[in-house]
Amino acid sequence: MKLNNQPVKPVRVPPTRFDRVLDLVALFLVVLLWVLTIKFYIDAPEKVPTGFDAAGNPRGWGSAAFYFFMSGMGTFYAVAMFFATYFPQFINMPVVLKESTIVPQSALMIRCCRWLNIVGLSMFLFILFQMAGYQYEALRMDASLFVAGMIGSVFLMLGFIIYYSVRISRVK
């Protein structure tokens with residue numbers, strides 16, 4: 001028997017309709033990531049930017065195959081987040097789960113992972129567009145917009161984690 005203040009592992013909670021919508025949005029973003037990668041690769045010059053400095057300017061150049069590497073990283077991220085929603089015992093949140101409220105707490109943890117999946121995939125798309133901006137003039141964005149978008153994505157992820165951590169810890 002566990003005491004009431006002993007931590008427990010999260011449980012799998014069936015997804016709600018909204019959770020399924022979030023999963024479909026993430027799946028759409030993965031497909032979009034690959035469609036754009038193939039389109040950008042077909043039209044790519046020999047060298048594409050592979051790294052950017054703090055001002056958003058390219059600091060490294062490499063093969064056009066880097067588009068596939070970037071999409072592969074995005075897909076790996078998405079698979080890891082989908083895995084976390086189906087096996088929530090592997091999620092590491094800074095919250096102690098209680099046996100009496102394990103289901104609502106688990107549901108909130110899984111919802112947080114779904115949102116983080118969407119934000120992370122959006123960040124990979126943002127990087128892909130920044131890379132492609134050097135071969136398509138219409139996609140070129142201001143370097144400050146790129147840096148603000150990347151920093152904003154990180155803060156958005158942290159915001160989701162903090163918001164859901166507080167909500168999870170307050171479930172009674």
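**Helix packing and the hairpin**

Modeller: Helix α1 passes helix α3 in a left-handed crossing. Please keep in mind that this is a predicted model.

Biologist: At what angle do the axes of α1 and α3 cross?
Modeller: The axes of α1 (residues 17-42) and α3 (residues 102-132) cross at roughly 20 degrees and come within 9 Å. Angles under 35 degrees count as roughly parallel, so α1 is roughly parallel to α3.

Biologist: Which classes of residue make up the contact of α1 with α3?
Modeller: That contact has 18 nonpolar, 3 polar and 4 charged residues.

Biologist: Turning to the strands, in what sense do β1 and β2 pair?
Modeller: Strand β1 (residues 47-52) pairs with strand β2 (residues 58-63) in the antiparallel sense, over 5 bridges. Within this pairing, Pro49 stands opposite Trp61 in β2.

Biologist: And what lies between β1 and β2?
Modeller: The two strands form a hairpin, with 5 residues between them. Gly56, in the turn, has a positive phi of about 85 degrees.

Biologist: Now the whole protein. How many helices and strands are there?
Modeller: The protein has 4 helices and 2 strands. Their order from the N terminus is α-β-β-α-α-α.

Biologist: What are the overall dimensions of the C-alpha trace?
Modeller: Along its principal axes, the C-alpha trace spans about 65 × 25 × 25 Å.

Biologist: How much of the protein is buried?
Modeller: Of its 172 residues, 44% count as buried. As for contacts with a separation of 6 or more, residues 24 or more positions apart account for 76% of them.

Definitions and conventions:
Residues numbered from 1 in each chain as written. Predicted model: local features only at pLDDT ≥ 70, side-chain atom pairs only at ≥ 80, totals over all residues. Heavy atoms only, no water. Axes fitted to C-alpha atoms, helices over the stretch in contact; angles between N-to-C directions. Parallel < 35°, antiparallel > 145°, perpendicular 65-115°, else oblique. Left-handed = near helix turned anticlockwise from the far one by under 90°. Nonpolar A, V, L, I, M, F, W, Y, C, P; charged D, E, K, R; others polar. Pairing = 2+ DSSP bridges. Buried < 20%, exposed > 50% of the residue type's maximum accessible area, 1.4 Å probe, protein only. Contact = heavy atoms within 4.5 Å.
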